[in-house]
Amino acid sequence: MTPEIRAFEFALGLFSVLIGLAIADVAASFHRLMRVRPRVRWDPLVLLTALLAMVITVGMWFDLWGIRNATSVRHFFLYLALVGAFFVLFLIAASSLPDEATPGLDLREFYGRNHRYFWFLVTLFELIYVGFGIHFIGAVMARLPNAVLVIIIGQWLVLLVVPAVLMLVRSRAIHYVGVAIFFVTVLWHYADQVIT
């Protein structure tokens with residue numbers, strides 16, 4: 001077993017806890033909503049953003065596997081940055097659904113009050129994510145075919161621009177389109193990834 005893999009296994013424990021907390025928070029919040037479901041005004045946009053939070057969280061679990069052999073995984077500051085990224089990921093998941101599920105709760109109103117905070121966190125996370133992308137593949141980017149480079153940079157731009165726009169605009173139509181674009185980009189990115 002290489003030192004990188006041992007370091008990765010050691011670091012994985014804390015990442016697992018943070019990912020588990022993020023998923024558990026969405027699940028618990030959704031459970032509370034379901035308990036009072038007849039007295040909740042449901043909003044598909046809220047449910048889509050909660051699902052998006054889950055997909056991003058699971059996606060990061062897959063991304064961790066991709067960096068298991070990186071030498072830099074053993075360095076304290078990279079580890080600290082990864083913990084920070086997973087902390088922001090937890091905040092995204094925690095902010096996707098209301099903490100309290102009281103009868104008469106209006107999820108559309110919740111989204112209207114919460115969307116700036118939620119999409120700010122997603123924008124912050126994606127900035128960190130792109131930074132990690134540059135860190136881990138920056139050395140090989142110059143050797144990539146131009147078409148691949150365009151796809152990578154295009155994807156990064158979507159991941160940065162879409163949440164930033166959704167943070168700033170109130171139009172629900174734009175939010176639906178933005179969420180759809182974000183979903184397509186994220187799912188396309190992870191579609192061929194496999195843990196082996």
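Student: Which residues is M54 in contact with, leaving aside its neighbours within four places in sequence?

Tutor: In this predicted model, M54 is in contact with I23 and V26. Contact requires heavy atoms within 4.5 Å. M54 itself has its place in helix α2, while V26 lies in helix α1.

Student: Why is M54 called partly exposed?

Tutor: The relative accessible area of M54 is 24%. Buried would require under 20%, and exposed over 50%. The value for M54 is 24%, so M54 is partly exposed.

Student: Is V26 buried or exposed, and how do you know?

Tutor: V26 has a relative accessible area of 7%. The limit for a buried residue is under 20%, and V26 is therefore buried.

Student: What surrounds V26, leaving aside its neighbours within four places in sequence?

Tutor: V26 is in contact with A50, M54, A93, S96 and L97. For S96, the sequence separation from V26 is 70 residues, yet the C-alpha atoms of the two are separated by 7.3 Å. M54 can be set against S96 as well: these two are 42 residues apart along the chain, and their C-alpha atoms are separated by 9.5 Å.

Student: S96 belongs to the buried residues of α3; which others are buried there?

Tutor: Besides S96, the buried residues of α3 are L78, Y79, L82, A85, F86, V88, L89, I92, A93, A94 and S95.

Student: How do you know that the length of α3 agrees with its number of residues?

Tutor: The helix has 21 residues, and at 1.5 Å a residue α3 should span 30 Å. The expected span is 1.5 Å times one less than the number of residues. The end C-alpha atoms of α3 are 30 Å apart, so the two values agree.

Student: What makes a set of residues a nonpolar core, and which members of the largest one touch the most others?

Tutor: The members must be buried residues of the nonpolar kinds, joined through side-chain atoms within 4.5 Å. The largest core has 50 residues, of which F15, L33, F86, I92, W119, F125 and F182 touch the most other members. Each of α1 (3–35), α2 (44–66), α3 (76–96), α4 (107–141), α5 (146–168) and α6 (172–190) supplies at least two residues of this core. The largest share, 10 residues, comes from α4.

Student: What does I92 touch, not counting residues up to four places away in sequence?

Tutor: I92 touches A53, F118, L121, V122 and F125. There is also a second, separate core of 5 residues, which includes V130, I152, W156 and L160.

Student: Which residues line the second largest cavity?

Tutor: V46, T49, S95, S96, F110, Y111, N114 and F118 line the second largest cavity, which holds about 30 Å³ of space. Here α4 gives the most, with 4 residues. The lining has 4 nonpolar, 4 polar and no charged residues.

Student: What is the volume of the largest pocket, and what lines it?

Tutor: The largest pocket has a volume of about 600 Å³. A pocket is an open set of points, whereas a probe in a cavity cannot get out. Of the 20 residues lining the largest pocket, D63, Y129, G133, I137 and H189 lie nearest its centre. By class this lining divides into 14 nonpolar, 5 polar and 1 charged.

Technical notes
Residues numbered from 1 in each chain as written. Predicted model: local features only at pLDDT ≥ 70, side-chain atom pairs only at ≥ 80, totals over all residues. Heavy atoms only, no water. Buried < 20%, exposed > 50% of the residue type's maximum accessible area, 1.4 Å probe, protein only. 1 Å grid on protein atoms, 1.4 Å probe; cavity = no way out; pocket = protein on both sides within 12 Å on 5 of 7 lines; lining within 4 Å. Points joined across faces, edges and corners; volume = space filled by probe spheres on them. Nonpolar A, V, L, I, M, F, W, Y, C, P; charged D, E, K, R; others polar.
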